[in-house]
Amino acid sequence: MSEPEKQNNENPLDIDGSSFNSEMYLECLMKCASLRQVMDKEAEVITQSQSLQSEMQTLVYENYNKFISATETVRKMRSDFQIMQEEMNKLSENINKITTFSSNISESLKDSGNNVNRLCSTRQLLDKLQFLFLLPTQLNKAIQEGRYTDAVHDYTHAQKVLQKYGDQPSFQSIQTECSDIIYGLKKSLRERLLSPETTASELAESVGLLRQLQESDSSLKDIFLSCAESRLEQHLNLLASMVDTSDILEWVEKCNGLILADLGIVISCYHDIFQDSERIGIPEFADKVMTQVFDLFEAVIRRPENVGTDILIRGLDKFFRKFQALSEIICSDGASNKALFVVTQCIKHKATMQHQIIQVQFKENLMKVRQSLASKGTENADLKDILNALQVYLMQKIQASLLDLMAFLQNNLSFGLKPWCANAVADGCWIVVSETLINISDMIKKLSVIQTSNNIPFELLLILAKLCLEMQENGVTILQNHLTKLLEEAAPGLSVEKKDANTVMVNLSTAAQSALDSEVVFIGQTAAQMLRVSVLARDWLRAPEPRGPRAVCRRVVETLASADSAASQLFPTSFKPSSDSSRRTIWSRAPSSFSPINRLFSERIEVFSPAGADRAALSNGALKVALKALVECVRLRTFSRHGLQQLQVDVHFLQQRLSCMGNDERLLNALLEDALSSAQLRCVDPQLMEPSIVDIICERG
Amino acid sequence: MEEGNSIIYGLEHQTRALSPQYESDAIRFLIGTQSLKPQANQVHVVELEEDTGALHTKVYKHDIGEIWHLRCSPHDAATLMTTHNSYDPENSQCSMGVSIYKLPTLDVIPKDVDELSTMQSQNAEDMELLTTINPEKPEEEIRCSEWHPTDTNCVCIVMDGSVSVRDITTTQGYNITPEGRTRLKFSGGKWSPQAAHQFAVLQDTHIKCFDTRADCKAVWGIDNAHRQLARDLDFNPNRQFQLATAGDDAALNIWDYRNPKEPIFSRTDHSHWVWTVRYNTYHEQLLVTGSSDGRALLTAAASICDTDDDKKLSQVLEDGVLQSYEQHEDSVYCVEWSTAEPWTFASLSYDARLVLSRVPRHFKYKILL
């Protein structure tokens, strides 16, 4: 607090303050005030002190009154408390009395309660004792009746007690008796484990009991597994021996009944019994057994007796069903995958079989055609019919196999409507289509490789070429559409990716090309060979005057014509060479015109070139091969005048007869001109005959 | 002569005989003409001047008849041997023979202007006829005659039905008549460069090799070397046991004759009969073939020429046709590599056109580098 304030508080002049100094106040008043003011102040102070006096008197009076009433109240309370005190004393006395009574009663009841308790416990003990004494007989009875489970249950109950009181002589005898019995039980259980007649469920039961009888786990597991394995081994052997003797249904039945059922029981029991222990042993073991089963099953599938689709599918269905069930028990993905694999494998196998069969049958068919062509001769064989027969046969066979494969998609089959199965079937079908066609193409290519030893009739080459082309143009698409339709019907809503048919197409077209090339070269070479031999063997220097075309020319024309007519059956051309120009004769040039200048204006002739799939192109090809050989052979010889004239007649004859074949008359004329001018060059006396005489000779010949 | 620019030389008459000159440093080829007109046949010596690319020729008369086959001697550059045919109008018969000539000079390129003018004024010069061998039967057809690779005096003459080994100084010799298959005529033959006494002949589709010192039993053979007639063969100059054959099936086959079943290399690139095949003397992976489709083809057979060296030929050069030479208008019956320059070859077609060509430069570098 600041100094001035303190001074203010203790202002000695403040009349109401506690530090009021009357003398100072008076002094101050005397000094500062006028007399009047002092007179007024005196009067004021007098009134004030009078009023204070009266106030104080009233207050004293009031307090006195209050004090008197309080004293009266206290006196009243003192008398009330005395009564309360008396009543409280009475209550405590009564409670003391109750306590004594109650302790008296409880003391008197204590003895009888103890007695009841003792009686109860004695009773329980007696029960247990009776069970114990009866235990050996119970056990024996249970074992005799085969209720091993009960026996083991009883024994495990009693065992604890027996162990506790084992040192008492009376219990000891019971314990030994029981152990003997249980020992016997264990023994018989073990025997049962090892005996071959026990079923898998009995086996599992025995093992479970033994485990309750506190046999050690690992040895038990080993015994269990080895027993199971040996039993399964026996089944496997049996099944293996059955592979060759029974059909698939029988086999699958047996397999399901024996091995798969047992395997299921073994595995589920194993899981129940050895739940907590690690589970490594069993899937391995199961996988091993299943792999063997699969192997056997595949062997069964591959047996020729089991090719029938229906029976195969039924067998497969049963097998698959069982397997699915089993794989659920085993909880092994490997097993179920394996089951899927077996089905897809089976479908694939089926498809392979189908296309192989088709191929073999087609080959046989081809052999027949070949023989009939060889025996009939070339003239009266209707190539179109043969082609149609072959084509229809092939298409039908393929379509039939596709339909056959669709059986794998039946609704009632366990795997029927699964997408993976549909995919496998689609794949299988495509295998049938593509492999069949590719293999046939390969076969045709092989046939077409020209070898001196193989004597394929050229008509057959034409037919095969046409067949390939037809298949390429229509057949593959038809088969593809057919397949799509079948798949839609069998597995609606399933999307199967469309297969790429390019490889097939390429194979077919190359096969067709090589067959055509081979045909052209074959015909051309046949004719060329005739011409070559006839030109090389003849002594052209001493040739007589020509009387007609040589016989070889007729044979050449016949050969080429027969090939042409065969080709016309299969490869018709719309364009026909105009006949009016066909009579044009080659007016031979002078030898001097045999110059490079002349050749500049003619195109280079490719003799061995790919043949077109067209009658005219085929004939052109053969003509080129034959006539180019004639040119080359003529150049190796020397001609007299008559020799040259003979050749002139021959060339004219060939030109007349061959101009109706092929459509490239320029080519024909160029080659024939070349032959004649080459002969002129090789002639010691190059004088040609009058064209009119040549004409006459040719007509006459 | 740049790449792709071949040099063409034209003659008057038909031609089917060509030979390089051996033992010479110049690119020189000899051509024989084929004409039935009397006194019309010639031997042309053609030399390519490498620096300028100019072509020089010298013409010699060959009045004895048309030339079917011509071989320069491998021992003497001036000596050549022709297989010829002539027509005798008196008895209207052809007779064939083999003659050996000597050129008066090896020079083809004129040294100065004087010589040029004298050469131009002279039409055709004479050659010196050393000897003529006629077959025992006059009408017997002779296919070809080949110099022995080492024996300077020995030649082998292939006739229709027999093979005759002759000494050119005495013209005496002996015949080999093959056993079996006598019906099939011979169409040509070659000495084996490695086994000096072995002579391989073409018999129809087969190849037969005889030891000329022994009897008529074949030493080795390749049956059905071609599906049609076999036209020519050439031995690999560097590699024993290998030979190339060509035939009417348009194929070029290379064989190891120890395994006659299957060719080790086969190509069908021509579109007609292949008449001739030649190995490059320096680079065995290069072959040139001539065919009656009017083409000469340069083919690489690198895959079968790999050596064990670290550099693999087949990696730098792909098998197959390297170049097709299309300057001919008619059948090409002869092709020959130059003996002096490994990248030049000549091809000769029936229409009397000689084409000198080169291996394209990039292939050359591929092989060399």
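View 1. A:Glu27 counts as partly exposed, at 48% relative accessibility. Buried means under 20% relative accessible area, exposed over 50%, and partly exposed in between (1.4 Å probe, protein chains only). This is a predicted model: local features need pLDDT of at least 70, side-chain atom pairs count only at pLDDT 80 or more, and totals for chains, interfaces and linings use all residues. Residues are numbered from 1 along each chain as its sequence is written, chains are lettered from A and ligands numbered from 1 in the order in which they are written, and side-chain values use heavy atoms, with hydrogens and water left out. A:Glu27 forms a salt bridge with A:Lys31, and the closest N and O atoms are 3.8 Å apart. A salt bridge is a side-chain nitrogen of Lys or Arg within 4 Å of a carboxyl oxygen of Asp or Glu. Both A:Glu27 and A:Lys31 lie in helix H2 (residues 22-32) of chain A. They are 4 residues apart, about one turn of the helix. A:Lys31 is exposed, with a relative accessible area of 65%.

**View 2. A:Ser51 in helix H3 of chain A.** Helix H3 (residues 35-145) of chain A holds A:Ser51. Helices (H or I, at least four residues) and strands (E, at least two) are DSSP runs, numbered from the N terminus. The side chain of A:Ser51 reaches the backbone oxygen of A:Gln48 at 3.0 Å. A:Ser51 is partly exposed, with a relative accessible area of 37%. Chain A as a whole has 21 helices and 0 strands. Of its 701 residues, 42% count as buried. The accessible surface of chain A comes to about 38,300 Å², and 54% of that belongs to carbon and sulfur atoms. Accessible areas come from the Shrake-Rupley method with a 1.4 Å probe; for residues, only the protein chains shown count as cover.

**View 3. The contact between chain B and chain A.** Chain B gives 37 residues to the contact, and chain A gives 27 residues. Contact means heavy atoms within 4.5 Å. Between them, the two chains bury about 2,800 Å², with 49% of it on carbon and sulfur atoms. Buried area is the accessible area (1.4 Å probe) that two parts lose on being put together, summed over both. Chain B and chain A share 3 salt bridges. They also have 10 residue pairs in polar contact, both residues at pLDDT 80 or more. A polar contact is a pair of N or O atoms within 3.5 Å; within protein, one must be able to donate a hydrogen and the other to accept it, and residues adjacent in sequence count only if both atoms are side-chain atoms. On chain B, the elements that give two or more residues to this side are strand S2 (14-20), strand S6 (66-72), strand S7 (79-88) and strand S8 (93-102).

**View 4. A salt bridge across the two chains.** A:Arg637 pairs with B:Glu141 in a salt bridge, where the closest N and O atoms are 3.3 Å apart.

**View 5. B:Arg258 and B:Asp256.** These two residues form a salt bridge with the closest N and O atoms 2.6 Å apart. B:Arg258 counts as exposed at 53% relative accessibility, whereas B:Asp256 is buried, with a relative accessible area of 14%. Elsewhere, salt bridges that share partners join A:Arg637, B:Glu141, B:Arg143, B:Asp160 and B:Lys185 into one network.

View 6. B:Asp234 forms a salt bridge with B:Lys190, the closest N and O atoms lying 3.2 Å apart. The pair links distant parts of the chain, 44 residues apart. B:Asp234 is in strand S18 (residues 230-235), and B:Lys190 is in strand S14 (residues 186-191). Both residues are buried.

**View 7. B:Asp211 and its surroundings.** B:Asp211 sits in strand S16 (residues 206-211) of chain B. It counts as buried, at 15% relative accessibility. Its side chain reaches the backbone nitrogen of B:Arg213 at 3.0 Å. Leaving aside neighbours within four places in sequence, B:Asp211 is in contact with B:His197, B:Gln198 and B:Val219. Chain B has 3 helices and 28 strands, and buried residues make up 59% of its 369 residues.
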